[in-house]
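Trainee: I'm new to this one and would like to know where the labels come from. Can we go through it together?

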Amino acid sequence: MIRDPLRPFRKVGEWGYFLRDIGIAFRDPATYGRETIRQMRNIGVDSVPLAAIVAAFIGAVTAFQTRYQLFGGVQLSVVGLISRQSIVLELGPLLTGLVLTGRVGARITAEIGTMRVTEQIDALETLAYDPIAYLVVPRLIAALVMLPVLTILADAVGIGTAMFTAVTATDVTSAAFAEGLRLSFTPFQIVYSIIKATIFGGAIAFFCSYEGYTANAGAEGVGRSTAQAVVVTSVAILVLDALTALLLAPYLQA
């Protein structure tokens, strides 16, 4: 039995109020300007090794599996085509977003949640600082900027690793793989990947900041909020991924 059938609607309403407060906090660049640069390093620069490692294995597995799933008579250039489409359109932005949800999102929730339970956020309000402008807006801007950058890096590393794996571990030649990369390519495919990454970055910063900002007192409350933030953000990324594909996939055809 559902104890509170209206809870999902209340949650959506709370997200709406939180989004409104973020919009109001954007009017105070003096508060979030310098902090944004630091968060861009925490979210983006420090995540480069993880994003590159994940993308490298994605590219290698994609190329290897694609080659050995082909039946006889199919041109080997298809390996390059499928690898490009899989990595750029789906695996690159999606897995980068999911992986960074665990690394970046959990950190955002834990940091803000700890400040909430130790009353540091109340101290900011006492000093006439807008806690949303100081804590949430810098992380949101940094995620919106750095997730596309990390996704571009992941796409490049993934395709490079896919080509290396296909050429060295299978009978696909570099010329055939390169031919597949150029086949049916349109610049909007890159834009599509960046759009996805931007949306995922906003989701990570928004939901994880909200869970941290509304954390309950005590270490248990911070832990519960962190776990919930990762789950909610992961589900949100999957839903947004499906909606983006539904709306923009028709424009991907060459």
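Trainee: At what angle do helix α4 and helix α6 pack, and how far apart are their axes?

Mentor: Keep in mind that this is a predicted model. Helix α4 (residues 77-117) and helix α6 (residues 131-169) pack at about 145°, and their axes are 8 Å apart. The crossing is right-handed. In that contact the residues divide into 15 nonpolar, 6 polar and 4 charged.

Trainee: And what surrounds that pair? How many helices and strands does the protein chain have?

Mentor: There are 9 helices and 0 strands in the protein chain, so the pattern along the sequence is simply α-α-α-α-α-α-α-α-α. Along its principal axes the C-alpha trace spans about 70 × 50 × 35 Å. Of the 254 residues, 43% are buried.

Trainee: What makes Arg 20 and Asp 21 a salt bridge?

Mentor: The cut-off is 4 Å between a side-chain nitrogen of Lys or Arg and a carboxyl oxygen of Asp or Glu. Arg 20 and Asp 21 come to 3.1 Å, N to O, so they pass. A search of the whole structure finds 10 salt bridges.

Trainee: Why is Arg 20 called partly exposed?

Mentor: Buried means under 20% relative accessible area and exposed means over 50%, with partly exposed in between. Arg 20 has 44%, so it falls in between. Asp 21, with 26%, is partly exposed as well.

Trainee: Then take Glu 35 and Arg 38. How do you know that they form a salt bridge?

Mentor: Their closest N and O atoms are 2.7 Å apart, which is within the 4 Å limit. Both residues lie in helix α2 (residues 29-43), 3 residues apart, about one turn of the helix.

Trainee: Is Glu 35 buried or exposed?

Mentor: Buried, because its relative accessible area is 11% and the buried class is under 20%.

Trainee: What about Arg 67 and Asp 171: which parts does the pair tie together?

Mentor: The two side chains meet in a salt bridge at 2.6 Å, N to O. Arg 67 lies in helix α3 (residues 48-69) and Asp 171 in the loop between α6 and α7 (174-182), so the pair ties together parts that are 104 residues apart in sequence. Arg 67 counts as buried because its relative accessibility is 16%, while Asp 171 is partly exposed at 45%.

Trainee: Which residues are linked in a network of salt bridges?

Mentor: Glu 90, Lys 196 and Asp 241 are.

Definitions and conventions: Residues numbered from 1 in each chain as written. Predicted model: local features only at pLDDT ≥ 70, side-chain atom pairs only at ≥ 80, totals over all residues. Heavy atoms only, no water. Axes fitted to C-alpha atoms, helices over the stretch in contact; angles between N-to-C directions. Helix = DSSP H or I, 4+ residues; strand = E, 2+ residues; numbered from the N terminus. Left-handed = near helix turned anticlockwise from the far one by under 90°. Nonpolar A, V, L, I, M, F, W, Y, C, P; charged D, E, K, R; others polar. Buried < 20%, exposed > 50% of the residue type's maximum accessible area, 1.4 Å probe, protein only.
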